Amino acid sequence: MNDPHLAPVSESDLPQFAALDLGSNSFHLLIARVDNHSLQPLLRFKQKVRLAAGLKQGKLSNKAMQRGLEALAICAQKLQGFRPDQVRVVATHTLREAENSDIFLAKAASILPFPIEIISGHEEARLIYAGVAQTTAGEGKRLVIDIGGGSTEFAGGTDLQTQQLVSLSMGCISYTEGFFKKGAISAKRFDKAVVATKRELESVAKGLRKYTQTQIYGTSGTIKAIANWVQHKTQSALPIISLHHLYECKAELLQFKTIQQLQIPGLDEERAPIVAGGLAILIGLMEELNIEQLEAHDAALREGVLYELAEQVLYHDDVRQRTIESIAIRYSIDREQATRVQQTVLDLYEQVALEWGLLDPEWRLLLSWAALLHEVGLHINFSSRQRHAGYILQHTDMPGFNKEQQKLLAAVVRHFRKKVFIEDIPPLQLYHQFDVVRVLALLRLAVLFNTDRQTSQLLLKTQASKDVLLLTLTPQGRANPTLLADLASEAYHQLRMGITLRFE
């Protein structure tokens with residue numbers, strides 16, 4: 001007699017992904033499997049690290065770093081067995097602001113076998129919106145608000161698309177420490193924090209108010225803690241926060257003289273030490289944006305990260321490609337020329353990737369995108385188009401790109417022609433400089449072989465050996481004096497980059 005059983009399902013049928021959010025207050029790990037574009041959470045882990053509390057005068061303290069590294073060690077254990085393409089780790093405000101974040105990242109690399117991406121405030125807001133939009137049934141316009149430890153993000157959009165992204169340097173930890181020094185609570189201190197919030201919002205309030213008559217969601221620890229507080233007070237089953245309820249919370253808070261004394265029914269003890277700043281921010285932004293009530297929502301940054309990672313791996317839907325296409329349209333790129341340069345640089349890449357150790361698919365993508373956008377500065381000035389291109393890519397919003405990816409793309413495009421200023425290539429944690437120099441060398445050659453802006457067969461094959469590049473030209477190429485002169489000049493520039501360029 002056979003007992004009832006469930007048929008085994010292979011891992012490939014229901015792949016797993018993990019997102020690790022290194023926030024200013026806590027580190028959050030979410031592991032989930034994906035079933036038909038839907039996330040099924042398998043594990044949630046949160047470790048309070050209070051990184052923002054250790055950020056003094058722009059530098060992260062050793063104690064704060066140690067708290068973060070200890071949390072990463074626990075996360076590394078829980079991520080054993082995951083492949084790099086199944087995990088994405090993002091860091092937010094505190095590591096964005098810390099001047100010595102490179103020290104923390106270097107130490108973290110020996111603990112966590114996955115790269116840590118520091119994302120911009122706008123990218124954080126976009127991913128938070130994605131997490132909410134993918135996990136709510138409603139359609140149409142919505143505004144998502146996330147109060148973190150060091151910053152507050154706003155994202156306004158319609159359906160799955162964002163239209164306005166805002167990140168402001170005001171968070172529950174920074175405001176609690178700044179306005180409630182030594183834990184002292186008073187109406188005067190609280191009101192100063194509210195006024196400071198409104199002043200921060202002045203320049204962006206008009207744009208955000210376009211979304212305040214629709215669905216409004218609040219995410220992450222501070223808002224969820226306040227929602228629990230309100231629910232306990234009102235005995236409501238719904239996580240709805242009204243401005244009236246917040247005034248009641250404020251009155252209850254002001255009954256205490258110090259944060260250390262706080263014992264409020266419904267308020268999580270772990271959240272109590274930083275709730276004063278978070279409550280002041282929430283009151284200030286709701287008053288400034290004319291918001292009567294909002295709904296606390298469970299999904300946030302890590303859900304947005306997971307959805308995009310799964311879409312990219314499983315369905316090859318990379319938001320970064322849409323960003324590249326949008327920039328190409330905005331700056332009227334000559335698509336035929338961009339495609340010629342792209343085809344050439346990818347042909348070069350395929351021939352040298354193994355020898356040069358550039359087998360990570362990200363290098364192929366980077367070269368492809370750099371080729372497609374290398375002339376983005378052309379409409380500003382022809383002779384300095386490389387400098388303008390680098391500036392545009394460095395300073396424009398690029399959804400899907402972390403800060404280092406954007407810096408790298410901008411630096412490579414900035415040097416696609418003329419002199420190479422190695423010192424202008426920023427130090428990067430996720431990439432080795434010698435790899436950056438090598439991909440730059442390939443892009444420069446691809447541009448050089450397409451200077452005449454027409455399809456031609458000038459290059460037969462390419463060989464690499466350590467830091468030597470050997471180009472074998474076609475008879476047509478060897479008979480082209482302009483090409484030979486350009487290659488001779490390029491050999492000089494590449495030698496300064498540490499690469500010996502030869503051609504025959």
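## Exercises on a sheet and a helix

β14 and strand β15 (residues 468-473) pair in the antiparallel sense over 6 bridges. Strands (E, at least two residues) and helices (H or I, at least four) are DSSP runs, numbered from the N terminus; two strands pair if DSSP finds at least two bridges between them. This is a predicted model, in which local features need pLDDT of at least 70. Residues are numbered from 1 along each chain as its sequence is written.

**Exercise 1.** State the strand order of the open sheet and find its edges.

*Solution.* 
- Step 1: The sheet has 3 strands in the order β14-β15-β16, and the pairing is mixed.
- Step 2: β14 (459-465) and β16 (500-503) each have a single partner strand, so one side of each lacks a neighbour in the sheet; these two are the edges.

**Exercise 2.** List the buried residues of helix α9 (residues 243-253) and explain on which side they lie.

*Solution.* 
- Step 1: Buried means under 20% relative accessible area (1.4 Å probe, protein chains only). The buried residues are Leu-243, His-245, Leu-246, Cys-249, Glu-252 and Leu-253.
- Step 2: Because they cover an arc of only 165 degrees around the axis, they are on the same side of α9. The arc is taken from the directions from the helix axis to the C-beta atoms.
- Step 3: The buried residues of α9 pack against α6 (187-201), α8 (220-234), β12 (240-242) and α10 (275-288).

Definitions and conventions:
This is a predicted model: local features need pLDDT of at least 70, side-chain atom pairs count only at pLDDT 80 or more; totals for chains, interfaces and linings use all residues. Side-chain values use heavy atoms; hydrogens and water are left out. Buried means under 20% relative accessible area, exposed over 50%, partly exposed in between (1.4 Å probe, protein chains only). Contact means heavy atoms within 4.5 Å.
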